[in-house]
Amino acid sequence: MNKVTSIQASVILLLCSFTATNDDSFVGIYGVSQSDPSAIELKLNADNTFSYQDFSNPENQIKVQGTWSAKNDVIQLNADNSETSFHDKWKITNEGNSAKSRKGMTFYTLRKL
């Protein structure tokens, strides 16, 4: 193998070793069981919009929508017009079947429904 062919093969191998995150694998509805009164639900749409609700505190119910972006397995939610503090960073785990978030000392794990 000559030097040029060797460099080309190395470049092709290097480019193939990187895999892009498939945003479609994140699309879906993540939530708690239907019997859970907190009714926490995160819906990620294919057009990179989302809706999120958290009724765990009846006096401060959260319902927001906006856009989302993904980097590696982390989803960042960007609310349209929300001054409400909410879980806006989620790690997708379990082959796309779970979404986990931590805000202060509050930990959430949602399952794909």
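Trainee: Which residue stands opposite isoleucine 29 in E2?

Mentor: Isoleucine 29 stands opposite lysine 43, and four bridges join strand E1 (residues 28–31) to E2, the two running antiparallel. Strands here are DSSP runs of at least two residues, labelled E and numbered from the N terminus, and two strands pair if DSSP finds at least two bridges between them.

Trainee: Before I go on, what kind of model is this?

Mentor: This is a predicted model, in which local features need pLDDT of at least 70 and side-chain atom pairs count only at pLDDT 80 or more, while totals for chains, interfaces and linings use all residues. Residues are numbered from 1 along each chain as its sequence is written, and side-chain values use heavy atoms, with hydrogens and water left out.

Trainee: OK, back to E2: which residues are on its covered face, and which on the uncovered one?

Mentor: In E2 (residues 41–44), Leu42 and Leu44 make up the covered face, whereas Glu41 and Lys43 make up the uncovered one. In a regular strand the side chains alternate between the two faces of the sheet.

Trainee: And how many bridges does E2 have with E3?

Mentor: Four bridges, again in the antiparallel sense, link E2 to strand E3 (residues 49–54), and glutamate 41 stands opposite glutamine 53 there. Their hairpin has four residues between the strands, and asparagine 48 in it takes a positive phi near 65°.

Trainee: What do the strands form overall?

Mentor: They form a closed barrel of eight strands, running E1-E2-E3-E4-E5-E6-E7-E8 with antiparallel pairing.

Notes: Buried means under 20% relative accessible area, exposed over 50%, partly exposed in between (1.4 Å probe, protein chains only).
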